[in-house]
Amino acid sequence: MNHLPEPVQPPGIVQLPDGTHVYAAQLPATYAGPQVVHQHIHQAAPDKTVQRIALGSGVGAGAVAAGMYFGPLLVAALTAMAANLAFLAFLALVLGWGVHTVVKSIGSPEAGAAVKNMRRARRRQG
């Protein structure tokens, strides 16, 4: 029984089936099998996917760099504009409600009578 550990081969050295040792770079063509290429496709962010497709289709690196810079810049600008428009719509709603409340509270009795007369006139016509 051999109680010694298995000998460790230095990196880059391969033992052939006949027992000889050679450097991995000097392997004969008969021992070098077909080269296997592993391609991993991962889901990336939409802007990265578009850039990879652009590079793969032959678009220059300048166009991809511009897409990397101006893409997020465009999204930020559109978001800022949407936020401003939402704030302006909310402000118009609040101001309209305020004007309606003030006009309703200070309305005169004559205005109320005029509204009633208009309703009656419409009912008679329709």
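Guide: What follows is a set of questions and answers on a predicted model.

Visitor: In what pattern do the helices and strands follow along the sequence?
Guide: The chain has 3 helices and 2 strands.

Visitor: Where in the chain is confidence lowest, and where is it highest?
Guide: The mean pLDDT of the chain is 77, and 63% of the residues score at least 70. Where pLDDT is low, the coordinates should not be read in detail. Confidence is lowest in helix α1 (residues 46-56), with a mean of 64, and highest in α2, with a mean of 89.

Visitor: What percentage of the residues count as buried?
Guide: The accessible surface of the chain is about 11,500 Å², and carbon and sulfur atoms account for 67% of that surface. A residue is buried when its relative accessible area is under 20%. Among the 126 residues of the chain, the buried share is 5%.

Visitor: Is Leu91 buried, partly exposed or exposed?
Guide: Leu91 lies in helix α2, which spans residues 61-105. Leu91 belongs to a nonpolar surface patch with Leu85, Phe87, Leu88 and Leu95, and together the five have about 520 Å² of accessible area. Because its relative accessibility is 36%, Leu91 is partly exposed.

Notes
Residues numbered from 1 in each chain as written. Predicted model: local features only at pLDDT ≥ 70, side-chain atom pairs only at ≥ 80, totals over all residues. Heavy atoms only, no water. Patch = residues over 30% accessible without salt bridge, like charges linked within 9 Å, V, L, I, M, F, W, Y side chains within 5 Å. Areas by Shrake-Rupley, 256 points an atom, 1.4 Å probe, with all protein chains shown as cover. Salt bridge = Lys/Arg side-chain N within 4 Å of Asp/Glu carboxyl O. Helix = DSSP H or I, 4+ residues; strand = E, 2+ residues; numbered from the N terminus. Buried < 20%, exposed > 50% of the residue type's maximum accessible area, 1.4 Å probe, protein only. pLDDT = per-residue confidence, 0-100.
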